[in-house]
Amino acid sequence: MTQSVPRPEKSALRLVMAQRDFLVGAVSRNADGVIEAAQQARDELGADLIVFPELTLAGYPPEDLLLRPGFQEIVDQALLRVRSQVSGIHVLVGHPEKTAEGRFNTASLIRDGDIIARCRKHNLPNYSVFDEKRYFVAGEGFCVAEIAGVRVGVSICEDIWMPEPAQAAVAAGAQLLVNLNASPFHIGKGNEREAVVANRAQETHCAVVYVNLVGGQDELVFDGESFVVDQAGTTVIRAPAYQHGLYPVDFELAGESLKPLPGQLTPRLSEEASVYHALVKGVRDYIAKNGFQGAVIGLSGGIDSALTLCIAVDAIGADQVEALMMPSRYTADISLEDARAQARALGVDYREISIEPPFNAFLEALSEVLAGTEADTTEENIQARCRGVILMAVSNKQGRILLTTGNKSEMSVGYATLYGDMAGGFAPIRDVPKLLVYRLAEYRNSLGAVIPQRVLDRPPSAELAPDQKDEDSLPPYSVLDPILEGYIAQDLSIEELVHRGFDRDTVRRVATLVDRNEYKRRQAPPGVRITQRAFGRDRRYPITSGFLTAQLRD
């Protein structure tokens, strides 16, 4: 989305924030996007400068593509093409750079074919989802360049979280600070960014432009929300979340200072809205970027599959989604009724395939093994695996990705079946705790009621045994989710959680389930990250470990 805004007469500098999506590894295509956007910013918006996100040409994060022989050469050729095909505007673009000193995370300022300045990232994040020290060496010095008579200081992502780079740029004469980013979403991240950048502006008495990437990349979602703060640290311009676009920003000279003129200040989304849009964006881009023809979902009549179906429909359209209800002898009539009602409300293709024939066939084939034993999770898991086989057959035949429906609470404690309900290609809500699932379902219904109210009201159940409820096997989610938040996200010990008021036996049981089910999570499909401690990239625990045993003994 491009904002066509006439340039004010008093504008000393017009900068365009290029909040765009760049596909990891698609270097030539990314260069095409840079060239097209730069020409548009010049011809339609009258910009002096266009600023792209961090590592634009490679896409972010490129990970071990950076280590492939020849990848840097492709990036260098793309950068040369940008230089040769864009003129009449300054272009600030991020890319990897390889020299005799090492590989750098770099931003190059280009004008009429020449690189007139380079900025190399100083502070390389190596925590949470970031592994930049694996690939890059830290840059030195600072970059201040003159653009339309204005001295602009440039930094990259993490450098704005530290005071020194901004202070050094201003000490060298910068009148404006520009920061290139690939900052992924998690709950509350927008407020964190603006608070940090406000501190830099207040420390330096200098306005700051923060340009962020938008789009889904595997587990990560980049939410955009590029923004500008003035010298007092007040956010005066904010681009919309999750939207592509070119967003112009005008500055006027006020003595030696540069002051941003009023512009678009998009209101921040609520927590539920921001998470829901992140899930939709993550699913849409994973499906599109990996070339799937649509999505298939097992619809159970429960809350998790109901929310997942909404996300899929909002991501790619009802005509691209098929829902399968696979009843068994334990499926309640209301589950069938609610699944049918939601499928009708959303307008998706819907079919019912009973798992009774394959379930009975497995029981017969295993009759000698099962003889003389009581029914337990073995028989329950066979049902889940029958459903997994059916869903994967539909997925294979139609070229549609199978979206799994498990939430974070279930994945944390292993309340899921390998090769059953865990079978699939992408897991939209695998980082969404159960209590948040309900909030998101209510949010989606506020946009148009498509999830039957009974689905939100009835106790959750896997329906793999007579009258089964989740709370037969797990603590109530009102207890489980806070324990999981403390143990997983905050790394609290069992004793610390007990000190917070939780029952000791419950905490020990939950901790045991979390640690013993790491092997399951390693085999789960990827899914959208929306918290600060998602399984996988954020939390990398060994499968084989004596740590829990030591905690329980102590």
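## Exercises: from one bridge to the whole chain

Within β7, valine 154 is the bridge partner of cysteine 143. The model is predicted, with local features needing pLDDT of at least 70 and side-chain atom pairs counting only at pLDDT 80 or more, while totals for chains, interfaces and linings use all residues. Residues are numbered from 1 along each chain as its sequence is written, and side-chain values use heavy atoms, leaving out hydrogens and water.

**Exercise 1.** In which sense do β6 and β7 pair, and what is the strand order of their sheet?

*Solution.* 
- Step 1: β7 covers residues 150-156, and its pairing with β6 is antiparallel, over five bridges. Two strands count as paired if DSSP finds at least two bridges between them. Strands are DSSP runs of E with at least two residues, and helices are runs of H or I with at least four, numbered from the N terminus.
- Step 2: The edges are β6 (143-147) and β13 (235-238), each pairing on one side only. From one strand to the next, the twist averages 20°.

**Exercise 2.** Find the strands that helix α4 lies across.

*Solution.* 
- Step 1: Locate α4 at residues 189-204.
- Step 2: This helix lies across β8 (176-180), β9 (207-211), β12 (227-229) and β13. Contact here means heavy atoms within 4.5 Å.
- Step 3: Relative to β12, α4 runs at about 35°. Axes are lines fitted to C-alpha atoms, for helices over the stretch in contact, and angles between N-to-C directions run from 0 to 180 degrees.

**Exercise 3.** Work out how far helix α12 reaches, and which of its residues are buried.

*Solution.* 
- Step 1: α12 (residues 434-446) has 13 residues.
- Step 2: Buried means under 20% relative accessible area (exposed is over 50%, partly exposed in between; 1.4 Å probe, protein chains only). Among the buried residues of α12 are Leu436, Val437, Leu440, Ala441 and Arg444.
- Step 3: The buried residues pack against several helices, including α5 (271-289) and α14 (477-489).
- Step 4: Just after α12, glycine 448 has a positive phi of about 155°.

**Exercise 4.** How many helices and strands does the protein chain have?

*Solution.* 
- Step 1: Counting gives 18 helices and 19 strands.
- Step 2: Buried residues make up 57% of the chain's 554 residues.

Conventions
The expected span of a helix is 1.5 Å times one less than its number of residues.
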